[in-house]
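Me: I would like to go through this structure term by term, asking what stands behind each label. Here is the entry.

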Amino acid sequence: MEQRGDGFLERAFGADPDARKPPAPDPPQIGPFKRSFWKSPVRGPWLTSFTGSALLVAIVVCAVTGFLSHVAYETTLGENAVVLGDGPLTFLYEWLSWPAGWAYLYAVTQGMHVIFGVAAIPLLLLKLWSVIPKFFERPAVRSLAHMLERTSLALFIGSALFLFVTGLLNIQGWYPFGFSFVPAHYYASFVFVGALILHLALKLPLVARSFREHGVTRPLGGQTIEEDSALHETVATQPDPATISRRGLVGMVGATSLALAVMMAGQSIGGPLRRIALLAPRGQVLGTGPNDFQINKTAAAAQIDVADTGQKWALDVIAGGEQASLTRADLLALPQVTERLPIACVEGWSTAQDWTGVPLIELGRMVGGDAAETLLVQSLQKSGSFSEVVLNRAQLSDERSLLALQVNGVDLSLDHGFPARIIVPGAPGVHNTKWVNRLSFGAV
Amino acid sequence: MSGRFSREYGASPAHLVLGLASFAIAGFAILQLSALPTLVNVLIWLFGAVIAHDFILLPIYAGIGRGGIAITRWSATLYPGEREVGSIEVFNHIRIPAIVSGILLLMFFPLIFGVAEESFKLTTGLSTEVYLGRWLAIVAVLFAGSGLLLALRLVRRRRDRGRLGDHADDQ
């Protein structure tokens, strides 16, 4: 049905009009299988191309930042991977190392992941609405090649919806799906990207032709365009009169996406902007006290026994055969450093605070572990992931990486990790372990 | 390009190679996930999402939209003298805020309805109870803004009509 042109992609991947049709039965021409069932006059290649192109930008940002997040988790160190290893890709993640250089690196990459991901959802809904007649196209199977394309589309749309739904539920803290979020979201993105490459190879010529014919944005200027129903199944053969223009429809969806992006940016940038993050999961302000900032996981959730954090608490610092045990008073007697660093959560929110404590590298020096490649951090935490984390060389050796004892000039609250917590520039939030009781330099 | 392969398969060998490569990536991902005891749930959600969208969500919202248009057109026949009754323009000033409100509800219903209140409280130390009010406030602002815009449009049109006589309607 789609006309052939002579661009590179069309020559390489275009359908053969003389192809043999496999002996598959066709659905009867009733209901949605009848082309005249589809009435909307705004459906057509231009709307799909425009929405798809905007969606593509958002998806590329999500894919790149999602991959970077996996790198940031340093999954090849210790138990950092939490659920599944990286299989044959282990070499890649062993080779890539997350830097400690720019303190806001993860806050920015992961903030973008969630901002673009959330903002993409209205675009995805419009995109799927615009192509729904294709789902019911006849003949259902035109050729073996067509059958392969349609099977790939099932994986494409399934994985797209899967990624957005699981991501959206994850940031809202609801897990009704009965599988572990991180590996499922990560590997579903492979299914998605694989199908996306085929989809782009097949559809870019159609996008190019539509933009050539109608302009990329001309219909947004309010100009009406005529699309040929013989050219594509999404164009109605017997359209109803228009009830909304292409400009109105794209404007509504685009404005919704923009508003969502602003809301999510509010919880990512934080400060006074958190107040505009109305529906964002971290769009609430806790208060004005020095410890009133977003909590990643409360002491109750981590099952911290308050008795363990009192007088009997001591920090064990270990390197090779050397070992030191430091009370909180011992730690406070060491030279203190104050750094403004963010907690940047994988869920896309961040909060920067002024932390005071002892540089990790100074603690390493005390036991001769300052040349170590890794630092295993262990916590009093009894439940949940990340009760132990391994930091890489860049993180443990950075002068700004602290074992923080205080925040904004006062002692840490229990929910923020009292008696002591890690704060590392540029790392994912959960790698800033709270309620730390043991540091092992070079243990992994 | 109508060689024998192309006629039998329906496209060039490059198409088949790219298609198989794309399935190989999906196969690799599913193979990696098969280490999880819950792989079947992943697959249910993956394919269930297509069914839930294409056969439940889309027909419901498209049906509501068509129903709204049908009611609008029908109401136009009741008061043939009144141009604003049964006008699609007026309908759109209801439809657009309704769609935007609906998208926000669809995306954030776990927070809005406090579905995961207990775990949210345990994780963040905060309650989800503010979200219903916030969503309702957004809905109210959207409808009020849309209504105000419509009122301004109608007032301006009446004024123009008064100035130009009935010719304005012919344009």
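Reply: The contact between the two chains takes 59 residues from chain B and 66 residues from chain A, where two residues are in contact if their C-beta atoms, placed from the backbone, lie within 7 Å. This is a predicted model, in which local features need pLDDT of at least 70 and side-chain atom pairs count only at pLDDT 80 or more, while totals for chains, interfaces and linings use all residues. Residues are numbered from 1 along each chain as its sequence is written, and chains are lettered from A, and ligands numbered from 1, in the order in which they are written.

Me: Why are α4(A) and α3(B) called oblique to each other?

Reply: The axes of helix α4 (residues 105-135) of chain A and helix α3 (residues 39-78) of chain B come within 12 Å and cross at roughly 120°. Angles under 35 degrees count as roughly parallel, over 145 as roughly antiparallel, 65 to 115 as roughly perpendicular and the rest as oblique, and α4(A) and α3(B) are therefore oblique.

Me: Which residues of α4(A) and α3(B) meet?

Reply: L128(A), W129(A), I132(A) and F135(A) in α4(A) meet H53(B), D54(B) and L58(B) in α3(B). By class, the residues of this contact are five nonpolar, one polar and one charged; Ala, Val, Leu, Ile, Met, Phe, Trp, Tyr, Cys and Pro count as nonpolar, Asp, Glu, Lys and Arg as charged, and the others, Gly among them, as polar.

Me: Why does Q303(A) count as exposed?

Reply: A residue is buried if 20 or more other C-beta atoms lie within 10 Å of its own, exposed if 12 or fewer, and partly exposed in between. Q303(A) has 12 C-beta neighbours inside 10 Å and therefore counts as exposed. Although Q303(A) is not a glycine, its phi is positive, about 55°.

Me: What makes N408(A) partly exposed?

Reply: N408(A) has 16 C-beta neighbours inside 10 Å, so this residue counts as partly exposed. Its phi, near 50°, is likewise a positive value in a residue other than glycine, and its place is in the loop between β7 (402-407) and β8 of chain A.

Me: Which peptide bond is cis, with omega near 10°?

Reply: That bond runs from F418(A) to P419(A), and P419(A) lies in the loop between β8 (410-411) and β9 (421-423) of chain A. A cis peptide bond also joins R138(A) and P139(A), with omega about -10°.

Key:
Axes are lines fitted to C-alpha atoms, for helices over the stretch in contact, and angles run from 0 to 180 degrees between N-to-C directions. Helices (H or I, at least four residues) and strands (E, at least two) are DSSP runs, numbered from the N terminus.
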